[in-house]
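Here is a quick tour for anyone meeting this protein for the first time. Have a look at the model first, and then we'll walk through it.

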Amino acid sequence: MTALPVTLADIRAAAAAIAGTVLRTPSVPAPALGSLLGAEVVLKLETLHPTGSFKERGALYKLLSLTPEERRAGVIAMSAGNHAQGLAYHARRLGIPVTIVMPEGTPFTKIERTESYGATVVLRGAGLGEAKQAAAALAAAGHLTLVHPYDDARIIAGQGTIALELLADHPELDTLVVPVGGGGLIAGIAIAAKALKPEITIIGVETTLFPSMLHALGRCAAPPCGQTLAEGIAVLEPGQFTRPVVAALVDEILLADETALERAVALLLDVAKLVVEGAGAAPLAALMSERERCRGRRIGLVLSGGNIDARLLASILQRGLVRAGRLVRLRIEISDVPGALSKIAGIIGEQGGNIVEVHHQRLFHDVPVKLAEVDAVIETRNPIHVGELVAALIAAGFPTRLLSSTAMDTR
């Protein structure tokens with residue numbers, strides 16, 4: 001087997017170096033999720049770090065390795081997300097100047113948050129590839145240390161400390177499920193976990209739109225790419241250091257599509273009361289369609305981060321209500337006469353529905369001039385309740401059709 005870039009001893013050294021500074025995150029049983037999967041489930045809450053993700057571990061260990069001269073010169077990184085914040089947070093604490101190169105289209109909220117940790121943000125390039133080139137050029141010009149988000153032995157060792165904590169808290173686990181982007185997180189975890197417990201199963205999860213590690217290992221076609229909820233693992237090129245580790249130690253890589261990611265984010269909030277970003281929810285998303293394989297196993301899920309935009313989270317929750325048949329939109333045909341709207345409101349209320357919005361259409365729908373259509377958004381209990389409500393409206397002489405999907409959530 002090819003020599004690995006990091007050993008268990010390296011990871012233990014990283015754990016000792018960051019102890020007391022980086023939060024030792026809890027590993028908590030999740031019986032409600034376990035009952036859905038038919039397994040015993042433990043969640044590793046990397047969402048609880050001050051910057052909201054696991055990235056602090058590797059970032060701090062890398063910073064602690066710098067020489068006095070390197071510290072004075074400063075560090076630079078290319079990142080539009082969690083790596084930038086983790087590095088900036090600890091660099092400021094250590095008095096190390098830090099520059100973060102972000103693509104020009106990076107949302108202002110990410111720029112502002114990174115700057116709030118004391119970083120100098122430089123906007124370069126149309127995407128991460130051009131930003132990476134700019135970061136390398138600035139590093140060379142300013143004699144700065146370039147801190148790669150995943151393709152660095154100390155970064156990998158720092159991320160591997162998660163496995164030390166998880167297996168110390170729950171040595172009974174037989175499976176660990178980990179998000180995969182560039183591979184630094186799963187590489188560190190796999191090295192530590194397999195050294196401590198060789199029989200343990202390590203499963204990675206990528207998004208269907210960015211199966212970059214699978215492609216790099218020759219197991220699938222080129223990634224299609226696109227807009228994904230799991231932006232934290234939307235990586236085009238996995239690391240050179242991380243690939244051989246994944247090839248040697250990771251038993252399988254699963255894929256999670258966008259619908260599964262949405263449902264997993266909503267499920268973690270609804271059932272586990274945890275706010276988790278798309279990449280962090282990827283392990284649960286993949287397992288929800290693999291329940292037979294989960295049955296009877298003891299599974300640790302690494303929830304890698306919780307940095308999700310509040311508006312995006314609100315939209316996911318609303319869409320989840322629609323999928324569950326708890327929020328529907330009905331189109332109801334009525335006579336355009338006084339009192340008709342009151343009658344349908346009364347029927348909906350009698351059936352236990354709660355009207356959220358009403359749009360009264362007279363001009364733009366294809367209906368006779370003496371009729372009108374009402375689009376009503378209604379809170380309901382479940383799809384059975386929706387059927388009862390529609391039937392009651394039709395029986396009262398109001399033709400009604402469902403405009404939203406009430407396909408039951410498969411969870």
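## Salt bridges

Let's start with charged pairs. This is a predicted model, and its salt bridges number 19.

One of them pairs Glu165 with Arg57, whose closest N and O atoms sit 2.9 Å apart. Glu165 belongs to helix α8 (residues 153-169) and Arg57 to helix α3 (residues 55-64), so this contact ties together parts that are 108 residues apart in sequence. Are these two residues buried or exposed? Glu165 counts as buried because its relative accessibility is 11%, under the 20% cut-off. Arg57 is buried too, with a relative accessible area of 0%.

## Two further pairs

Next up are Asp251 and Lys194, which meet through their side chains in a salt bridge of 3.1 Å, N to O. Asp251 sits in the loop between α11 and β9 (252-256), while Lys194 is in helix α9, so the pair links parts 57 residues apart in sequence. Asp251 is partly exposed at 44% relative accessibility, whereas Lys194, at 16%, counts as buried.

Then there's the salt bridge between the side chains of Asp375 and Arg329, at 3.6 Å from N to O. Here the partners come from two strands: Asp375 from β13 (residues 371-379) and Arg329 from β11 (residues 327-335), so parts 46 residues apart in sequence are tied together. Asp375 is buried, with 5% relative accessibility, and Arg329 is partly exposed, with a relative accessible area of 35%.

Some salt bridges also share partners: Lys44, Glu46, Arg57 and Glu165 are joined into one network that way.

## A pair of packed helices

How do helices α9 and α11 pack? Helix α9 (residues 184-196) and helix α11 (residues 242-249) meet at an angle of about 45°, and their axes are 9 Å apart. That angle makes α9 and α11 oblique to each other, and their crossing is left-handed.

Which residues make up a nonpolar surface patch of about 200 Å²? They are Leu341, Ile355 and Val358. Val358 is part of strand β12 (residues 354-361), and with a relative accessible area of 39% it is partly exposed.

## The whole protein

Stepping back, the protein has 17 helices and 14 strands. Its C-alpha trace spans about 80 × 50 × 40 Å along the principal axes. Of the 411 residues in the protein, 52% are buried.

Technical notes
Residues numbered from 1 in each chain as written. Predicted model: local features only at pLDDT ≥ 70, side-chain atom pairs only at ≥ 80, totals over all residues. Heavy atoms only, no water. Patch = residues over 30% accessible without salt bridge, like charges linked within 9 Å, V, L, I, M, F, W, Y side chains within 5 Å. Areas by Shrake-Rupley, 256 points an atom, 1.4 Å probe, with all protein chains shown as cover. Salt bridge = Lys/Arg side-chain N within 4 Å of Asp/Glu carboxyl O. Helix = DSSP H or I, 4+ residues; strand = E, 2+ residues; numbered from the N terminus. Buried < 20%, exposed > 50% of the residue type's maximum accessible area, 1.4 Å probe, protein only. Axes fitted to C-alpha atoms, helices over the stretch in contact; angles between N-to-C directions. Parallel < 35°, antiparallel > 145°, perpendicular 65-115°, else oblique. Left-handed = near helix turned anticlockwise from the far one by under 90°.
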